[in-house]
Every structure is written in C-alpha cells, then in structure tokens.
Amino acid sequence: MTMTIDRRAFAKGMAGAAVATGAFALAGCSDGGGSASGSTAGADASSGATYKIGVLQLTEHAALDAANEGFVEALDDSGIDYTIEQQNAQNDQSACQTIAQTLVNDGCDLILAIGTPAAQAVAGATTDIPVVGTAITDFAASGLVDSNDAPGGNLTGSSDMNPVADQIDLLHELLPDAKTVGLLYCTAESNSDIQIEMASEELEAVGLTGVEYTVSSSNEIQSVVESMVGQVDAIYVPTDNTISAAMTQVASIANEAKIPTICGEVGEVEAGGLASVSINYEELGYRAGEMAVQILTEGADPAEMAIETMSASECDLVYNQETADQIGVDVSALAAEGGEDVSAS
C-alpha cells in the first residue's frame with residue numbers, strides 16, 4: 001500500500017487523545033432504507049455541535065464500499081460528533097433522485113455522494129447544502145463543477161481518475177501478443193466514456209486495436225461478454241459501476257474462455273480479473289472525509305476547494321494469481337515489482 005497508512009496512524013493517535021470524554025452519537029434512517037452508524041465525540045465536543053451527514057451510494061461493489069468506509073474512518077479520526085444516514089440506490093437512477101431529495105428534505109448539514117450518477121442526483125437536488133463527492137472520474141466533464149481546480153458551487157470531492165496509461169502499459173507488458181482489446185463498459189455512465197476514450201488513445205499508441213463492447217444495463221452483460229469470445233485477445237474494464245457490480249459474472253465467462261481482463265480497480269481484480277494499477281478507494285474516501293470535516297468545522301467553502309486526485313505513484317499494483325493460473329498468464333514479473341496478489345482477499 002501507499003504511505004497513507006502512516007498518516008492515518010498519526011491521525012488516529014491524535015483523535016484518540018481527543019476523545020477521552022466523548023459521547024456516542026447514533027441516528028436511524030428516515031425512510032427505513034439505509035443503515036445507521038456514528039462517531040465518538042472529539043475535538044469539537046465542547047461546542048456541542050453534532051453534524052447530520054447523509055450518504056448516497058450509487059450501488060454496492062467493493063470500490064464504492066471501500067470509499068464509504070474510508071469516509072467514515074476520516075470522520076471518526078477527526079473526533080467530531082455526527083449522525084449519519086446511509087442510503088444505497090442499487091444502481092437505480094430514479095432511486096438516486098428520490099434519495100437525494102430525501103436527504104435534502106431531512107436537513108443534512110452535508111451530503112456525501114459516492115459515484116457520478118449519485119453526485120449528479122444530489123447536485124440537482126440542492127445548491128445550498130455542501131456536497132462532497134467521491135469515486136467520480138472527472139467532476140468537470142460530468143457537469144458537477146465549473147472546473148476541477150475551482151469548483152465554483154456547493155460541491156467538491158475526491159476523484160478516482162484512473163492511471164489509464166499505466167493500465168494499458170500493464171496490459172501490453174503481460175500480453176505482448178495481444179492484438180485486439182475489447183473495451184467493456186456501460187453507456188449510461190459518463191465516467192466510463194471518459195476512461196474509454198483515454199484507453200482507446202493509449203491502445204492506439206502501443207499499436208493495439210480497441211473495440212468497444214457496451215451495455216445499457218446489467219441485464220445485457222452476459223450476452224455482450226459471450227459475444228467477445230473468439231473476437232478479442234484481452235478485455236479492458238474501466239471503473240464502471242455497472243460492470244464492477246457484475247464483475248464475477250464477467251470474469252467467469254472471460255476466464256473460462258482464457259481471455260485476460262485488465263481492470264480499472266482492485267475490486268474487479270478480486271472478483272476474478274487479472275491485474276490492475278488501482279486507485280486505493282479507502283484512501284480516496286478518507287480524503288473526501290477530510291474535506292467534509294474542513295467544511296463542517298473550519299468553514300471551508302466547497303466552491304474554492306480543488307478536486308482531490310491520486311497520482312499513479314500512489315496507486316497499487318495488484319494481480320489475481322488464481323485467475324492467472326486458470327487462464328495461463330505468467331504474472332511473476334508483477335510479484336517481482338512488488339505487486340500484491342489479491343486472489344486470497
């Protein structure tokens with residue numbers, strides 16, 4: 001992992017010193033659809049402030065779950081008092097809009113939006129309540145902010161813009177004989193459009209041909225992946241929420257056909273993909289949590305808070321040895337480079 005471990009350990013130590021006389025805050029869910037959690041009180045306990053935080057997560061999969069956990073961890077480490085309402089839209093766009101409006105009506109002090117469609121729904125529901133987004137590829141290109149350097153409104157956050165070039169280099173390194181790469185993504189996700197455009201350019205730069213294979217919903221994944229068999233030498237999957245949530249299905253078909261899959265993030269590799277240079281989503285969520293604390297306790301203005309990003313050097317090289325053995329790809333070089341085998345995770 002990256003150096004973030006040390007920084008978190010320091011933060012936990014500081015928070016621990018601050019919570020000696022704290023109380024526990026817990027909130028239920030207004031509509032019965034979410035789960036509740038809380039925080040020990042800390043540095044601002046003497047002020048009596050308890051912050052009401054709403055969370056809208058697009059869907060359940062490893063990356064978004066990790067971002068959520070990192071966000072909560074940052075809140076806990078800060079020592080603030082808070083109640084939190086956790087809501088999950090199960091990848092339903094209309095549910096995103098309904099939940100976003102509910103959180104606004106509930107009078108949250110701040111809303112966390114996890115995933116681009118979730119953030120778009122919350123942005124459409126309020127221009128007053130501070131919103132922090134995470135696991136969003138490009139805030140500006142998705143119409144969420146004026147610019148990534150100067151958001152200009154009530155929304156900011158942390159971006160999971162992938163090191164796409166490094167991922168394509170990884171594909172080329174592991175699969176030197178590959179000629180045609182299938183680009184698998186959902187057309188309903190603007191975050192995927194951005195990554196696929198970048199991947200296509202990178203593939204062309206190294207002399208490979210990229211062919212797009214798209215789905216509009218999870219119901220189409222099986223048939224689309226099956227159509228790739230015999231047509232492509234490898235598959236590239238970006239950080240696409242629809243594909244990520246169904247990655248075990250994708251991997252089952254691809255691995256049986258011995259088609260290697262290079263992935264946008266570690267959760268997809270854990271689900272059966274071959275390898276990735278992956279954003280650390282827990283750290284990504286943690287950074288969003290730090291931004292939320294600054295907004296709540298220091299009066300930081302989202303309009304002036306640049307979107308946080310992670311560099312390729314902060315990302316994790318991961319591979320799945322079980323998948324490699326099944327499809328017959330040698331990944332020993334990745335182990336030698338310090339990569340992590342996540343097949344047993």
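Modeller: First, a word we'll need: a residue is buried when its relative accessible area is under 20%, exposed when it is over 50%, and partly exposed in between (1.4 Å probe, protein chains only). Keep in mind that this is a predicted model, where local features need pLDDT of at least 70 and side-chain atom pairs count only at pLDDT 80 or more, while totals for chains, interfaces and linings use all residues. Residues are numbered from 1 along each chain as its sequence is written, and side-chain values use heavy atoms, leaving out hydrogens and water.

Now the part you asked about. A salt bridge here is a side-chain nitrogen of Lys or Arg within 4 Å of a carboxyl oxygen of Asp or Glu, and by that rule there are two of them. Arg287 pairs with Glu283, N to O, at 2.8 Å. Both sit in helix H11, four residues apart, so about one helical turn separates them. Helices are DSSP runs of H or I with at least four residues, strands are E runs of at least two, and both are numbered from the N terminus. Glu283 has 0% relative accessibility, so it counts as buried. Arg287 is buried too, at 12%.

Arg287 also has a salt bridge to Glu314, this time at 2.6 Å, N to O. Glu314 lies in the loop between H11 and strand S12 (316–319), so this pair ties together parts that are 27 residues apart in sequence. At 23% relative accessibility, Glu314 counts as partly exposed.

What else is helix H11 up to? The biggest nonpolar core has 81 residues, and Leu56, Phe71, Leu174 and Leu274 touch the most other members. H11 (residues 281–298) gives this core its largest share, eight residues. A nonpolar core, by the way, is a set of buried Ala, Val, Leu, Ile, Met, Phe, Trp, Tyr and Cys residues joined through side-chain atoms within 4.5 Å.

Zooming out, the protein has 13 helices and 13 strands, and 55% of its 345 residues are buried.
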